[in-house]
Amino acid sequence: MNIAIVGASGAVGQELLKVLDQQDFPVERLRLFGSERSAGRRYAFRGNEIEVEVLGADRQAFLGTDIAFVSAGASVSREYAGMITAHGAIMIDNSSAFRMDSDVPLVVPEVNPGDAFEAPRRIIANPNCTTIQMVVALNPIHRISPIKRVHVATYQAASGAGAAAMDELVAQHRDIMEGREVSPRRFAHQLAYNVIPHIDVFGQDDYTREELKMHYETKKIMHAPDTEVSATCVRVPVMRAHSEAIWVSTERAVSVEEAREAFAKAPGVVLADDISSNVYPMPLDLAGSDPVYVGRIRRDLADPNGLNFWCVSDQIRKGAALNAVQIAQLLASR
């Protein structure tokens, strides 16, 4: 297939190159696009050096492209979507630009693969990283008994705010150790030795936009408009891989044994739940890996139909690049 990556120099763009290669995706031709600042950079892919082109310099640039992965921000996605799809390319968009549009499918292949083939605008949206991770873990339970309510607290790594945010966390630790004043730039407050209950801007009912994404996107992906979702999203001083504490309430009580068996069999999920040996998912161990890891499964003491569990996943892999490539694999299978 003829593939394009828009935003090739960013963290997700670079991860897309790795995942395409590691997944042995059938690439006949690959073109890379970016801003004028990124133009001219060269990246290796399967023995070739590919130069980044300026997005928009050639209005016919996507002629002959089968799939375009777009990870350059919502404003870029909105501006160039028409140009990218004009000649028949499918745009797999990693931004928030189209996620809640009724005529754009929001797809997590382990949960709603069929939606990928209902894309009248030739745009498929990649969900928010925290939502992807959560719905992959929710789906096995939802199949046993429909989920009525979800409460989730996220513990999101610095890398969720980009490569510059990771660099800032390292710099903050260095400044503290060397006695210099910390000057936050990417975060609202100092992140080193701290947690910040504030990701993205505040909006409806004093929830942040990140929290509202989890509320609305989960309903759309799972085709569960009656499932209520409430989130609190927190930035933590971890470099890479997000963690989530999840409380679910189902129509009927689901036992811990049923849940554990469902997680063990679910695609994209790895069960890591042996408290006798202190085995549970942790971001330090799982950065750079593909699955969603689930552990600390237990009944909810405050809800007879409730379960609690903990999950960890690399938000640049499954939360972005890998999920996008899995969508492309669905399309390629047709």
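Reader: What describes two packed helices in general, and at what angle do α3 and α6 pack?

Author: Two packed helices are described by the angle between their axes together with the distance between those axes. In this predicted model, helix α3 (residues 129–144) and helix α6 (residues 256–265) pack at an angle of about 125°, and their axes lie 9 Å apart. That angle makes α3 oblique to α6, and the crossing of the two helices is right-handed.

Reader: Which residues make that contact, and how many of them are nonpolar, polar or charged?

Author: On the α3 side the contact is made by Ala137, Pro140, Ile141 and Ile144, while α6 contributes Glu258, Ala259, Ala262 and Phe263. Sorted by class, the contact of α3 with α6 has 7 nonpolar residues, no polar ones and 1 charged residue.

Reader: How many residues does α2 have, and which of them are buried?

Author: One can begin with the span of a helix and then ask which residues are covered. Helix α2 (residues 74–85) has 12 residues and reaches 16 Å from its first C-alpha to its last, close to the 16 Å expected at 1.5 Å a residue. Its buried residues are Ala74, Ser77, Tyr80, Ala81, Met83, Ile84 and Thr85, and what covers them includes the strands β1 (2–6), β5 (67–70), β6 (90–93) and β7 (123–125).

Reader: Where is Arg180, and what is its relative accessibility?

Author: Accessibility is read against cut-offs, with buried meaning under 20% and exposed over 50%. Arg180, which sits in the loop between α4 (163–177) and α5, has 42% relative accessibility and so counts as partly exposed. Leaving aside neighbours within four places in sequence, Arg180 is in contact with Arg174 and Asp175. From Pro304, by contrast, Arg180 is 124 residues away in sequence and 51 Å away in space, C-alpha to C-alpha.

Notes: Residues are numbered from 1 along each chain as its sequence is written. This is a predicted model: local features need pLDDT of at least 70, side-chain atom pairs count only at pLDDT 80 or more; totals for chains, interfaces and linings use all residues. Side-chain values use heavy atoms; hydrogens and water are left out. Axes are lines fitted to C-alpha atoms, for helices over the stretch in contact, and angles run from 0 to 180 degrees between N-to-C directions. Helices (H or I, at least four residues) and strands (E, at least two) are DSSP runs, numbered from the N terminus. Angles under 35 degrees count as roughly parallel, over 145 as roughly antiparallel, 65 to 115 as roughly perpendicular and the rest as oblique. A crossing is left-handed if the near helix is turned anticlockwise from the far one by less than a right angle, and right-handed if clockwise. Contact means heavy atoms within 4.5 Å. Ala, Val, Leu, Ile, Met, Phe, Trp, Tyr, Cys and Pro count as nonpolar, Asp, Glu, Lys and Arg as charged, and the others, Gly among them, as polar. The expected span of a helix is 1.5 Å times one less than its number of residues. Buried means under 20% relative accessible area, exposed over 50%, partly exposed in between (1.4 Å probe, protein chains only).
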